[in-house]
Amino acid sequence: MADNYTGPLERIDATRWRIPKSYKPGMLVDGVIYADDVLIAAIKGDKSPEQVANVACLPGIVKHSLAMPDIHWGYGFCIGGVAATDPQKGGVISPGGVGYDINCGVRLIRTNITYKDARENMGKLINELFDTVPTGVGKGGVVKFSKPELRKLMAEGSRFVVKRGFGWESDIEATEAHGCIPDAVPDSLSDRALSRGMDQCGTLGSGNHFMEVQVVERIDDAKAAGAMGLAEGNLTVMIHSGSRGLGYQVCEDALKELQDTPRKYGIDLPDKQLVCAPVESAEGKSYLGAMRAAANFAWCNRQIMTHLAREAFSIIFGLPAERLGMNLVYDVAHNIAKMETYNVDGKTCQLCVHRKGATRAFPPGHPELPERYRGIGQPVLVPGDMGRASYVLTGQPGSMEHTFGSSCHGAGRRMSRGAAIRASKGRNIKRELAERGVIARARGRTGLEEEQPDAYKDVNEVVNVLHAADISHRVARLRPVGVIKG
Amino acid sequence: MIRFVRPSYEFFDHTADMGVRVWAATMPELLMPAAEGLYAAIGELAAGGDESPLDFEFQGNDPSVLLRDFLTELLILFERDRRRLIAITSATLTASRLAVTAQMAAVDFERSVFHREVKAITYHELNICEVPGGYEATFIVDI
């Protein structure tokens with residue numbers, strides 16, 4: 001297991017801990033980690049706080065190098081990391097602050113179906129989803145795009161696939177950035193990136209990616225839940241996936257191209273995986289254009305799987321998806337870098353916000369929110385684990401003040417994959433999940449073991465920290481009843 | 001001096017991803033167990049005939065980065081072309097150059113058992129160093 005973190009962690013208040021910039025040479029700002037007393041003890045068990053300190057060395061970083069309470073050890077950036085840089089002050093963009101799976105994200109679909117009515121069909125439904133949605137290693141999608149089509153898809157985002165019948169017009173409004181970040185440059189992608197994406201749009205992948213059927217177990221904020229169409233006892237569908245091989249290749253290409261860039265700009269880095277370029281440099285702009293294209297691909301990926309989920313529900317429940325009320329609640333990216341506007345020390349600034357395993361969490365009134373969410377704040381979708389719960393939250397004003405409009409992206413792992421497999425010896429995770437009322441289907445031999453509930457922190461603790469910190473407030477708790485994995 | 005007669009690999013824990021540690025008597029001999037470690041992270045990949053030779057060549061200034069480049073190439077050949085390395089017939093790995101002549105084969109997906117998808121071989125904690133008896137390489141794959 002990773003070595004423990006032995007550096008300084010100073011308590012700021014009940015939900016925040018500081019790594020002072022005096023901790024190591026090169027730190028330009030303090031690190032700040034959101035956690036309570038229980039979570040911080042686990043966080044110190046790996047080297048993720050060291051990664052928070054490393055990110056604090058990035059040129060142009062503003063205020064703090066941040067980590068959400070689902071923080072754990074990553075590569076370069078920690079998972080759960082947030083860093084904003086100011087391009088006007090030499091601020092950099094780092095592909096490692098986005099990750100290989102560009103625009104890995106989560107979407108939630110509501111339904112009119114109650115779990116009570118659907119319970120006897122749940123086995124059939126999960127099997128139908130498992131047969132309909134391509135999952136696991138080497139599984140191609142139901143549609144294959146040519147390279148020219150892929151370029152168009154990446155320029156247009158979700159609308160491209162919705163126009164071809166993979167979804168509804170209303171899905172677009174319910175997607176962060178309307179499923180399309182402007183200024184994507186699909187022509188800058190390598191042939192290899194395109195090749196890896198041709199048959200992977202509309203595929204789930206493996207690892208921690210999943211499609212889960214859930215029941216709304218508890219409503220904490222009736223007004224917000226009402227705006228999202230969430231009712232206690234009803235089913236929801238959560239999809240977690242990203243930009244597949246295309247996005248991995250964009251990151252791979254960028255890391256390769258940027259290997260010598262820090263030296264060119266006189267940037268000293270504590271980790272090779274943090275390679276970066278000034279946002280305003282040719283190298284920085286090139287990566288941002290390619291990253292945006294891959295992000296748009298990811299939204300199309302989740303959009304096609306939404307269509308496939310609706311088809312599976314229609315088959316099992318014998319009604320069109322529209323009659324089942326399968327509207328998209330929201331879709332959020334949690335591996336991304338975006339240009340966003342913030343007030344820093346009384347000045348309005350355009351900052352490059354890296355979210356590496358962190359979710360945008362804009363508060364009520366933010367102009368980028370769809371009209372129906374303007375009064376309640378942006379839906380923040382937080383998958384927990386296969387056995388306990390996931391959450392729907394809303395962004396709150398504290399996020400703009402303290403976390404560059406960001407919240408957590410999940411529960412966060414507490415066990416390595418190896419430890420999770422070792423902890424599964426002599427157990428049958430599929431049966432254990434069934435005993436908890438969760439029907440699980442997975443293609444990979446070790447998928448359920450590695451992703452078992454015990455491998456994750458308690459999502460309740462994670463969201464409670466951010467609720468208390470006024471970053472994002474609880475709206476609804478969702479209990480899993482069925483899951484498919486790669 | 002101990003000699004690593006049989007090159008080998010093992011996995012080590014990394015919270016969300018997987019670490020692979022490799023040993024061999026010489027730097028070029030690290031390449032085969034490193035490839036085996038990568039494939040084992042994905043699953044049990046059964047070779048399905050259609051063998052053919054393939055040359056790899058990379059230039060650089062860090063042998064660990066060259067090893068990473070080689071493994072990345074193998075990952076893409078697996079994902080895109082469904083082919084895997086089955087033998088290395090000649091190999092050079094120095095600080096500035098990696099050159100490999102390898103024997104490749106189709107992966108039989110029906111007979112293979114998959115564990116998980118590997119997204120990439122990261123630069124994080126990437127290393128090759130001398131140890132008693134030979135060399136040790138470490139790399140972390142993104143899951």
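Before you start, note that the model is predicted: local features need pLDDT of at least 70, side-chain atom pairs count only at pLDDT 80 or more, and totals for chains, interfaces and linings use all residues. Residues are numbered from 1 along each chain as its sequence is written, while chains are lettered from A and ligands numbered from 1 in the order in which they are written.

**Stop 1: the whole chain.** Select chain B, whose C-alpha trace spans about 45 × 35 × 30 Å along its principal axes. Colour chain B by secondary structure to find two helices and 10 strands; helices (H or I, at least four residues) and strands (E, at least two) are DSSP runs, numbered from the N terminus.

**Stop 2: the sheet.** Now select S4, S5 and S6 of chain B, an open sheet in the order S4-S6-S5 with antiparallel pairing; two strands pair if DSSP finds at least two bridges between them. At the edges lie S4 (52-59) and S5 (83-93) of chain B, each pairing on one side only.

**Stop 3: a strand pair.** Which strand do eight bridges join to S4(B)? Pick residues 97-106 of chain B: this is strand S6, and it runs antiparallel to S4(B). For one bridge, show B:Asp55 and its partner in S6(B), B:Thr101.
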